[in-house]
Amino acid sequence: MARAFLVVLDSVGCGGAPDAAEFGDAGANTLAHIAQACADGRAETGRSGVLRMPNLDGLGLGAAIRLASGMEAPGLGAAPTGLWGAATEVSRGKDTPSGHWELAGVPVPWDWTYFPTEGPAFAPDLVAEVCRLAGTDGILGNCHASGVPIIAAQCEAHLRTGWPICYTSADSVFQIAAHEEAFGLDRLLKLCAELAPTLHAMRVGRVIARPFTGGCGDFTRTANRRDYAIAPPAPTLLDWVAGQGRMTHAVGKIGDIFSMRGIQALHKGKSDADLFEHLVRLGAEAEPGSLTFANFVEFDSLYGHPRDVAGYARALEWFDANLPRFLATLGPGDLAIFTADHGNDPTFPGTEHTRERVPVTGYGLGVRPIGLRAFADVGASVAHHLGVPPHNPGVSFL
């Protein structure tokens, strides 16, 4: 019985979103701009030369970029040998839950709540609730910020007062950073879990625990991050497959994104390298008729938000170089789709996600151009491949 592997390269967009200007992201193109920077010699740290992704490009990655945005990506010009196309999002967000839910067949039916960019980000009653749950007299931060800079700025005060560092971003999120030993990891996770229902009722997508260790001059954010996401508003691809008695595997933060709904086995790790080993193992071991849904987050978290072009290029080349190990585990009838949930152009101003189309490339069905599709078509197509009835507005491209 055929298996399916849906692999999300977090934030690896390819430009061309027709509504990008509405999000302040006109011209953003994560893959094309990284490729151009590599070709221009502006991404030489830890690597050199043009962007080298022969395996995904061989499936159709470069062709997908051209289709989505009309841009050429230097080094990505192979004739496609796999399934290839691009997808456009309709949900009114450029965030992780919106992208993943819609890929899994459920566009977001509401507008997310975002916090103000000027002045205190959080209303007094929300601050009071955080303090009550944390057992503190106040919070630190209370603003829009990127994680590493705000921890650096507030670390000394955090260790002195014991107050949690609370901040947000252009996404619909409430993030809490705290020291794993001084504040306590279990205490941080409990705080986020107890606060999440209040934020979810406000249509805030995620409460994120951001633990760190070390001193204020040499702190490190740890792999114990936890996302407390609002539950999807309807059954997703994972539910459809599990409802048919099939096995579902979640790799990485898929469990958090989908609030564990429809997920029967969770595979986590401390790095994308760990997660890739899970993917290779599941390629060899996953049950007939099963779905494996994986997210590789470090493109976004380690390189997109910090605007590290060379680091992003290194991560892309690392993933592509390891890809044959996974593809070699697939058998006749198996399908692997590689896509993304949004963009995060490291050449773009700011530190936030960028509204972009995403590439859709696939292995296992031979050459198959699919054109410009909707995100929801990806979930419908995976369901079609598995012989599972979809329950969404998507249309299969298989």
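## Basis

In this predicted model, local features need pLDDT of at least 70 and side-chain atom pairs count only at pLDDT 80 or more, while totals for chains, interfaces and linings use all residues. Residues are numbered from 1 along each chain as its sequence is written, and side-chain values use heavy atoms, without hydrogens or water.

## Annotated domain

An unreviewed UniProt entry annotates residues 3-389 as "domain: Metalloenzyme". Such annotations may be inferred rather than shown by experiment. Over residues 3-389 the chain is 37% helix and 19% strand (DSSP runs: H or I, at least four residues; E, at least two). The end C-alpha atoms lie 15 Å apart.

## Helices α10 and α12

Helix α10 spans residues 272-285, and helix α12 spans residues 309-327. They pack at about 20°, with axes 10 Å apart. Axes are lines fitted to C-alpha atoms over the stretch in contact, and angles run from 0 to 180 degrees between N-to-C directions. That angle makes α10 roughly parallel to α12 (under 35 degrees).

Contact means heavy atoms within 4.5 Å. In α10, the residues that meet α12 include F276, L279 and V280. Among their partners in α12 are W318, F319 and L323. By class, the contact has eight nonpolar, two polar and three charged residues.

## Disulfide

The structure holds one disulfide (cysteine sulfur atoms within 2.5 Å). C155 and C216 form it, with sulfur atoms 2.4 Å apart. C155 sits in helix α6 (residues 147-161). C216 sits in the loop between β6 (206-213) and β7 (220-221). The two cysteines are 61 residues apart, so the pair links distant parts of the chain. The torsion about the S-S bond of C155 and C216 is about -85°, so the disulfide is left-handed.

How values were computed. Parallel < 35°, antiparallel > 145°, perpendicular 65-115°, else oblique. Nonpolar A, V, L, I, M, F, W, Y, C, P; charged D, E, K, R; others polar.
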